[in-house]
Amino acid sequence: MNRFRIGQGFDVHRFKEGRPLIVCGHHIEGAPGLDGHSDADVGLHAVVDAMLGALAKGDIGEHFAEDDPRWDGASSSLFVVSALERAATDGYSLANCDLTLIGERPRIAPHRLVLRRSLAAVLGVEEEAVSVKATTTDGLGFLGRGEGLGALAVVLMEKVGDDE
């Protein structure tokens, strides 16, 4: 069994007026929300996909289907907790997480530190184990036109108690 496992996840949602914008479990004021069945937290969705991928457990859609009414408006932190529980069952814990938010709006720089803190809290790890950064697409594509927000996550999972 591998001591370390790496996973990557990607998610994207279009903006939808009238919804709160939740990113990394944090509400960003003054920006349109994201369209999705749950709270559409693009950051947490990418992180969950990365963790599930590292564990070879499929993807977020397999575990939290859009047509399942239990997840209508649900906090994406529930998905994170579930992925962490699956990891623990397999003897793994999260070593670190690197998250990149992709889009023209909202500007992430003013929120980066609070997003990092929030993500670390949701993951149950120290802030030093989490990175949150942002980039644009230089005006290219639907993200570049400001129609939505994307996220790319990479995680390292480590076997707990493995001294090899």
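Predicted model: local features only at pLDDT ≥ 70, side-chain atom pairs only at ≥ 80, totals over all residues.
Residues are numbered from 1 along each chain as its sequence is written, and side-chain values use heavy atoms, with hydrogens and water left out. An open sheet of five strands is the place to start, with helices α1 and α4 packed on it.

**The sheet**

- The strand order is β4-β1-β7-β5-β6, and the pairing is mixed. Helices (H or I, at least four residues) and strands (E, at least two) are DSSP runs numbered from the N terminus, and two strands count as paired if DSSP finds at least two bridges between them.
- At the edges sit β4 (33–34) and β6 (130–135), each of which pairs on one side only.
- β1 (residues 4–16) pairs with β4 in the antiparallel sense over two bridges; F15 has L34 in β4 as its bridge partner.
- β1 also pairs with β7 in the antiparallel sense, this time over 11 bridges. Here G9 has A153 in β7 as its bridge partner.

**The helices on the sheet**

- Helix α1 (residues 42–54) packs on the sheet and touches β1, β4, β5 (92–102) and β7 (148–159). Contact here means heavy atoms within 4.5 Å.
- The direction of α1 makes about 150° with that of β1. Axes are lines fitted to C-alpha atoms, for helices over the stretch in contact, and angles run from 0 to 180 degrees between N-to-C directions.
- Helix α4 (residues 112–123) packs on the sheet too, touching β5 and β6, and its direction makes about 140° with that of β6.

**A closer look at α4**

- With 12 residues, α4 reaches 16 Å from its first C-alpha to its last, close to the 16 Å expected at 1.5 Å a residue. The expected span is 1.5 Å times one less than the number of residues.
- L115, S118, L119, A120 and L123 of α4 are buried, meaning under 20% relative accessible area with a 1.4 Å probe and protein chains only.
- The cover over those buried residues includes β2 (21–23), β3 (26–28), α1, α3 (77–89), β5 and β6.
- Just after α4 comes G124, with a positive phi of about 70°.

**The largest pocket**

- Of the 14 residues lining the largest pocket, H13, H45, I60, F64 and E66 are the closest to its centre.
- β1 and α2 (60–63) each give at least two residues to that lining.

- The peptide bond from R105 to P106 is cis, with omega near -10°. You'll find P106 in the loop between β5 and α4.
- C24 isn't a glycine, yet it has a positive phi of about 55°. This residue sits in the loop between β2 and β3, and at 0% relative accessibility C24 counts as buried.
- A40 isn't a glycine either, and has a positive phi of about 60°. Its place is in the loop between β4 and α1, where A40 is buried, with a relative accessible area of 0%.

Terms used. Buried < 20%, exposed > 50% of the residue type's maximum accessible area, 1.4 Å probe, protein only. 1 Å grid on protein atoms, 1.4 Å probe; cavity = no way out; pocket = protein on both sides within 12 Å on 5 of 7 lines; lining within 4 Å.
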